[in-house]
Amino acid sequence: MAFPHRPDAPELPDFSMLKRLARDQLIYLLEQLPGKKDLFIEADLMSPLDRIANVSILKQHEVDKLYKVENKPALSSNEQLCFLVRPRIKNMRYVASLVNADKLAGRTRKYKVIFSPQKFHACEMVLEEEGVFGDVSCDEWAFSLLPLDVDLLSMELPEFFRDYFLEGDQRWINTVAQALHLLSTLYGPFPSCYGIGRCSKMSYELWRKMGEEEDGETKGRRPEIGHIFLLDRDVDFVTALCSQVVYEGLVDDTFRIKCGSVDFGPEVTSSDRSLKVLLNAEDKVFNEIRNEHFSNVFGFLSQKARNLQAQYDRRRGMDIKQMKNFVSQELKGLKQEHRLLSVHIGACESIMKKKTKQDFQELIKTEHALLEGFSIRESTSYIEEHIDRQVSPIESLRLMCLLSITENGLIPKEYRSLKTQYLQSYGPEHLLTFSNLRRAGLLTEQAPGDTLTAVESKVSKLVTDKAAGKITDAFSSLAKRSNFRAISKKLNLIPRVDGEYDLKVPRDMAYVFSGAYVPLSCRLIEQVLERRSWQGLDEVVRLLNCGELAFTDMTKEDKASSESLRLILVVFLGGCTFSEISALRFLGREKGYRFIFLTTAVTNSARLMEAMSEVKA
């Protein structure tokens, strides 16, 4: 059931070094405030911090009490305050208010702000405006690579998606370039590099500059990772908008996996307590089912339960010596497996209950119809019914976006009708969200006369009119055309199936969407690796509106061993889903590659919609 890797598959690099580096750097920063200190941590840094340095490590370095950065005055009586925060304006106002309150009360203490992953000039400006710049010392904890699993690194920057793809804010590109630079310093240069998308191109160019400045350090290093592939999320929104049906994806959609762990509530644990479970390759049960289509998971777990029972039953005929061996060697492992098994069975039951309540089959059928471009009328009625029944505002938005992208924008009449129904059903406060979705190209309406040829002639005029130096608004709005149908045909994303698609023995990456669709992002990676460049994919690149933004760089190919050339790092800028991870793990198994994933954050359709929404749930 678990994907057994081919015996010749390359070994994965050891990423535990990244954790050690991050921990040592944090300890070094804390020790710059010698003596007892209180530490204020921003909420969304708590989980990542927990994976790097737990409370006992912090206590060893004289952190007295821990507080959450909140909108209320701090009750700390310590003489030294340390703040571990993201570089956000509101955090600076919070720090300034504490410092100014102390000044009013005539108290003097030491204040230190540690920004993670980097410090922005705007933050220092705020401290200056508030008149506290001289009272506060500032530092950076350049921690941007958290190993969530043996093959998954996350930058834990969920805001990257909205900042870049909606606001056009490029400040995180430097963080991405720094992270790539650190990886190439630790694991040797990357012999070949491919990428597609504007953000990928900028990150790559900045990273190259950093590399040129320090070229001496990595010269002569043997590359451990053969290829690196950079991909912008907006190259493929469709995959991220689909419901996930592999086990790990479903757990994420249902319970929200946060920083590699999940909180299972009483409905899973069948007790009155919640349980926090770390989901990675060390959980033997989870590792065998994580990439499986959900329809196979129950059968596997029940078989596993039977095997476990048989192992327990072996005790019956044992003599004292055998019993002693059994207790000392096997019992602990069996108990651990038993516990994990009951957790995952509980999770499956809970998912089943939720999905039958939502009529999941009907939903999946509609999604597949949208992907294939069939029965659009029925699908639209399904979405309208979804809105009228007020199923969930996020879910309805997601389906509208899927309809819009697969249909290359909605007919104006239909767009207005769906938008009106949505606002009437869920409230006018969602109006701004529609404007965001339109700007990001997720939910658009077709302009009159927008036949593809008309659009193409406009684009070619704009491309020749590059003298303007700056890309005009007209171009960025045209770049949002999705052309999904044409791309789908060119790359054969909808597999032709004779008879039933066997989900127990998947034959291609489409199994992650029940055999209906091969993720576009994964197909692109497969095609480029096969050709070792973008050559022959010109038409696809043009349809993706990335003519200028696809690149290949194979400058260091000669240095790489054949083993390292089968190791591929895929970088998702703007988030990556567990479905894509499962699909590429499958591809790696088929072709003798091993994939490593680096993402700005793990995402799914709900997180994508929430990032665009102006209404906070």
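Ile89 touches Ala122 and Val126 when residues up to four places away in sequence are not counted, contact meaning heavy atoms within 4.5 Å. The residue has its place in helix 4, where helices (H or I, at least four residues) and strands (E, at least two) are DSSP runs numbered from the N terminus. With a relative accessible area of 38%, Ile89 is partly exposed; on this scale buried means under 20% relative accessible area, exposed over 50%, and partly exposed in between (1.4 Å probe, protein chains only). Ile89 and Leu565 are 476 residues apart in sequence, and their C-alpha atoms are 44 Å apart in space. The model examined here is predicted, so local features need pLDDT of at least 70 and side-chain atom pairs count only at pLDDT 80 or more, whereas totals for chains, interfaces and linings use all residues. Residues are numbered from 1 along each chain as its sequence is written, and side-chain values use heavy atoms, with hydrogens and water left out.

Turning to the overall layout, the chain is divided into domain 1 (15-141), domain 2 (147-236 + 520-612), domain 3 (247-356) and domain 4 (359-407 + 409-447). These bounds come from an automatic or database domain assignment. Between domain 3 and domain 4, the C-alpha centres lie 38 Å apart.

An open sheet of five strands comes next, with the order 2-1-3-4-5 and parallel pairing; two strands pair if DSSP finds at least two bridges between them. Strand 2 (63-68) and strand 5 (136-140) stand at the edges with a single partner strand each, so one side of each is left without a neighbour in the sheet. On average, and with direction ignored, neighbouring strands of this sheet are turned by 20 degrees against each other. Axes here are lines fitted to C-alpha atoms, for helices over the stretch in contact, and angles run from 0 to 180 degrees between N-to-C directions.

Within the sheet, strand 1 (residues 37-41) pairs with strand 3 in the parallel sense over four bridges, and Leu39 has Cys82 of strand 3 as its bridge partner. Helix 2 (residues 43-52) packs on the sheet, where it touches strand 1, strand 2 and strand 3, and its direction makes about 110 degrees with that of strand 1. On the other pairing of strand 3, six bridges join it to strand 4, and the two run parallel. Here Gln80 finds its bridge partner in Lys110 of strand 4. Strand 4 (residues 110-115) is mostly covered, five of its six residues being buried.

The loop between helix 2 and helix 3 (55-60) holds Ala53. This alanine is buried, with a relative accessible area of 3%, and it touches Arg23, Leu26 and Leu58, not counting residues up to four places away in sequence. Ala53 and Lys19 are 34 residues apart in sequence, with 8.9 Å between their C-alpha atoms.

What of the charged side chains? The structure holds 40 salt bridges, each defined as a side-chain nitrogen of Lys or Arg within 4 Å of a carboxyl oxygen of Asp or Glu. In one of them Glu159 joins Arg88, with the closest N and O atoms 2.9 Å apart. This pair links distant parts of the chain, as Glu159 belongs to helix 6 (residues 159-165) and Arg88 to the loop between strand 3 (80-85) and helix 4 (89-104), 71 residues apart. Glu159 is buried, at a relative accessible area of 15%.

Lys591 and Glu526 also meet in a salt bridge (3.5 Å, N to O). Again distant parts of the chain are linked: Lys591 lies in helix 26 (residues 578-591) and Glu526 in helix 24 (residues 520-531), 65 residues apart. Lys591 counts as partly exposed at 38% relative accessibility, whereas Glu526 counts as buried at 11%. Salt bridges that share partners also join Glu42, Asp44, Arg86, Arg88 and Glu159 into one network.

Finally, the largest nonpolar core has 191 residues, of which Phe83, Trp141, Leu183, Tyr247, Leu442 and Phe595 touch the most other members. Such a core is a set of buried Ala, Val, Leu, Ile, Met, Phe, Trp, Tyr and Cys residues joined through side-chain atoms within 4.5 Å. Helix 15 (residues 320-358) gives the most to this core, with nine residues. Leaving aside neighbours within four places in sequence, Leu442 is in contact with residues including Phe237, Leu241, Cys401 and Met609.
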